[in-house]
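Subject: Structure for your review

Dear colleague,

Please find below the sequence and the structure that I am handing over to you. My findings follow directly after them.

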Amino acid sequence: MAAASWYHRDISRVVAEELLAKAGKDGCFLVRDSESVSGAYALCLLFQWHVHTYRILPDDEGLLSVQTVQGIQAKCFHSLADLVGAYQQPNNGLVTPLLYPVHRAREAADEDSDGEEGRSGGPADAGPPGGAAPGAWAGSTHTGRAHISQQLHLRLQEQVHSSPASDFMGFMAEYLTHHLQLDLEALRNGNLQLRHLSTALVTACRGLHSEIDFALAGLETLAKVFDPPAPPRSPTREQDLLTSDPDLELLLSKISTVNNLLSSLEKKVLRSLQETVSKHNLALPSVATAPLPPTKPMAVQNFEVKVGKSQRAAVMVDVESGTVAITKKGSGTPEETIPQDKILQLIKYQSVQSKVRLVYDRDQNKSLSRDFIFPNARKREAFCQLLQLMKIQHSNLDEPDLISVYIGTWNMGSTPPPRSLASWLTSRGLGRTQDETTACIPHDIYVIGTQENSLGDREWVEFLRASLKTLMSIDYRVVALQCLWSIKIVVLVKPEHERRISHVNTSSVKTGIANTLGNKGAVGVSFLFNGTSFGFVNCHLASGSEKIHRRNQNYSDILRSLVLGDKRLSAFDLTLRFTHLFWFGDLNYRLNMDVQDILAHVTKREFEALLAVDQLNLEREKNKVFLRFNEGDISFPPTYRYERGSRDNYIWQKFKTTGMRINVPSWCDRILWKSHPETHIVCNSYGCTDDIVTSDHSPVFATFEVGVTSQFVPKKGKGDGKGEAPGSSPESLACIEWESIEVIVKTASRSKCYIEFHSYCLEEPQRSGENTSQSCDIPGFLKLSWSAKHLPMLHPILSDLEYLGDQHLLLSIKGTESCESYGECCIAMRSMIGSMAQQFETFLFHRGEETGSMRGWMKVRVPKDRRSTRERLYEWISFKEEDAEAVADVPTCSKLPGHRVRSRPHSIPDTASSYTNPAYFIFEGLPNTWALAPDIPEALHRPFNERQREGPRRRSPAPPPMEEEPWGGRPCSVVGGPGHGRQLSPLPVGRQKRPKSAVLERDLLAAVGDCSLTALHMARCLSELDRVSPERGSRLDGSVAGGPKVQLRQTRSALEPPPRGCPEMSGPTRDAQRHGHATEWPCDRGDRSRSIGAWLSHLGLEQYKEGLYENGWDDLEFFRDITEQDLLEAGVLSPTHRKLIQAKLRESSTESLQQRPYLKPNA
């Protein structure tokens, strides 16, 4: 039945509040599906600028009622329309009657620019089970129905030439031409049967009845052969199947019967043969004890390296014997042979990508190190990978610490694949690819995603297994296969890992026409590898350059509807349910640039200019999709749309019945991932093939090194020889203590909230009390606080440090009235371990959106006798940020004595001192006029790809003395000393420059009159921006080794607007005085601007002055920090000119860098 216009189906809470805020009247209301209870609804009502949410619950008889407090009799209704009508009257218990319905927007049934499906309004308008208000379809006319029929008929004609089922298409064409309008008319009158479609399908499938009857009879006969003897059965059912009238329901029943027979027949035959073997005592080999096929031994690999300043040598890596031999050039015998158990550490230099340091034991009391410089970075990575493999093969561990994962995605273009997929499966081609010495090292897990795959499911799986067996000499096992029409995902693992895989789940989501067709959508697989959860999503999103919003909506639909992972975590955002989530496929995001300009940049391999206009990067920068996901650096050409049969030309014109379409070359095929904080994952390759030419897409690959955890087995307790007992004293048990939690969420609600705590280390979820305080002084935001006595003390099931260091906590903020989530987050326990409380901070997510921020103080106490741990195999490789020999003008950072600096993945958010999202500065005394000030924190407007990698500009304080050393030798940095309910500190702000995206220019012009902005408007502008993530080498407590100490509480003044520059001022500025640095540049902005113009003119590059000014680079104070990406965005498209500018800046800044150490680059 048609839906009432106030029923908005499954929109999110955030979207519902935005719609009510736009309506802006007391009494505005809408109804949506409940997020917390399946089959229930949420009534959202606006009153005095706050949204009140009421749950509508069905009872056992299907009657609907608004949830009331205990003791109040609920009113029951047969339909939503009846319920809404009753509550439109006053004095019914709501804060105000339902006065003004907020109508649902109707989406137009437009055609995709590539001639593929669009999102129509047909089934999407289906109403809730409770009925709908009359007249909801009043606007539907005969002309509209005829337009839908013609549009669908055109789409069918486009598919006819590529489909072998011409007879079937004829039946469908007749239905679309003559009978579709009759079904639409019946649907308008409330009839959901689609009788004419059923008749057309029965007619088209008439021949299928006889084929299924024939196959079914044979299968049943074969099954009876292996059934135990039984009395004769009446043939009534078989005769009924063969003689009854063919209708659609019967056809579906037959197909189901065939499916069940095929799936059970093999097991039945196997069981029968096994009984025969045991009965007659036949000696047959057992399948379970069959030996695994032998793997190819690794060949000895040689690397030419430079040792010292000029000496050359050869390094030989023998993985099988576990040795590294070093031979000087010209010498026939190795100078030194190092066994793998003597290798202590491998250090990769970040400043020199081809340099590595090998630290090893010479004897018990002395360790030596050797520096090797390889011909290129790829050779260095191959050397490190071989040593990593050597360590793994010769370790005594029963379970692995580290595995390799291969991800591949390919739109096959509805054509069969070539005979060989070797380049794709071995990561060879263009971009960041595997070196030839490591290309054929088999990965532990292969995940292959395809779109427009015309092969059968079994045929495709066997083709992949045969290809891998030819390349790797390993018979990979199938973990899962999930298909949605031509979208397929296959997961294969090494035979020895098959027993480590458990809890396999598969799911699919359709996002085709009205979310009912599967030519677009997603398939997913999830499983546990020992104690680490993995999720994989392969998707095919809507095509067409202009369909950005539709692709974003496809992503949201998939994120919301894909059923994967632990069912206990189903209320959490999909991206938080897994330790590692990989998302890949034909995402179909295009480039916003003229096709000729794109071709020119591709020819010159100027990919930076193209990535700056890549729709996916732009949407991610706006936080529209793939929030907090990571992607490898793209150094390969666009993978779509090639001429089939070669990779020499892009075919960007497509002629269709509706006219010519332009498909610009684009990176449609992508691989992204998101991991829990403080986990180990490294992307080793990301590229595409250049020799597989059967499709207009090139296959894309990525390989990852992933740290995994095993099912932990606790060691015996000391002294008594017993393990942990239920009656143990509190001192012998670990506990998680909370001192305070502060949350800010984007909502117009004033509901009280509680926190749910989930973790695999807890026996069951725990729940806090209601928040102790809240404020909503800023419209659109709600600030909530919990004190220690309202937060539960959590007791993990195991108390060992080695176990707890791998665990994570999932937190969900829920309203006490609706029990719906306002946001979820993940906290790593590793950096919280210690006797003193640590400050944490993280984002809140819900249904793929950022909904707020959380910070607080907590600690994880571990008993003294449970603090033993071990180094993981992936921890022996570390990173050295600076190399004094290679970069003489950049001073190195001295390490704090006695503490090892642990490297962190780029995806790990720093332990910050304030809210991560700049929008939340408004709760810490930031004046509205700050948005108009000429200086804004630099980190807020860095280019997107830099913000993912760049660390905080200001060094965090060194740690104070501590009671005990926490996890991994990291000092506990505690600001403000011990105690409960300490004041949380504002965000330190580093050097500043004018933003180009924090506040839009038109907003500034409109606000010039009173020089102020509302806090809500400022928050909305700033909420699009991200705070930078830390660089490698950052300390786990948010500091950088060797950095200057600046107390966090003393940085509040940094949030105030800086003083306006004036020509009369002389001597140091207030900012310079605060930092203790002398003033070098004139304070007048006009003088600075002219200085930049003169400096560019001196280089003969004055043509770039205007572009630099427009992008905020009008101040020499910050111009010396400009990056190549900044220059590119400012219009400096010539690589030669970019290099010239940066080289001249480096030459002219050596002296000033020594005078002004706070301008030195971060390590």
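The term pLDDT denotes the predictor's confidence in each residue, on a scale from 0 to 100. Across the protein chain it averages 74, and 66% of the residues score at least 70. This is a predicted model, in which local features need pLDDT of at least 70 and side-chain atom pairs count only at pLDDT 80 or more, whereas totals for chains, interfaces and linings use all residues. Residues are numbered from 1 along each chain as its sequence is written, and side-chain values use heavy atoms, with hydrogens and water left out.

Two stretches call for caution. Over residues 160-166 pLDDT stays under 50, and the model has two contacts there beyond four places in sequence, where contact means heavy atoms within 4.5 Å. Over residues 283-290 pLDDT also stays under 50, with one contact beyond four places in sequence. Where pLDDT is low, the predicted coordinates should not be read in detail.

Overall, the protein chain has 25 helices and 39 strands. Helices (H or I, at least four residues) and strands (E, at least two) are DSSP runs, numbered from the N terminus. Of the 1163 residues, 53% count as buried; buried means under 20% relative accessible area, exposed means over 50%, and partly exposed lies in between (1.4 Å probe, protein chains only).

Strand 3 (residues 50-58) pairs with strand 4 in the antiparallel sense over three bridges, and proline 58 stands opposite leucine 64 of strand 4.

Which residues of helix 13 are buried? In this helix (residues 595-603) they are Val595, Ile598, His601 and Val602. Seen down the axis, they fall within an arc of 125°, so they line one face of helix 13; the arc is that of the directions from the helix axis to the C-beta atoms. Helix 14 (607-611) is included in what covers them. Just after helix 13, arginine 605 takes a positive phi of about 55°.

Finally, consider strand 36 (residues 849-861). Eleven of its 13 residues are buried, so strand 36 is largely enclosed by the rest of the structure. Strand 28 (residues 735-746) pairs with strand 36 in the antiparallel sense over ten bridges, and isoleucine 744 has serine 853 as its bridge partner. Strand 35 (residues 838-846) also pairs with strand 36 in the antiparallel sense, over nine bridges, with arginine 855 as the bridge partner of glutamate 841. Two residues lie between the strands in this hairpin, where arginine 847 takes a positive phi near 55°. Glutamine 839 belongs to strand 35 and is buried, with a relative accessible area of 6%.

Yours sincerely

Notes. Pairing = 2+ DSSP bridges.
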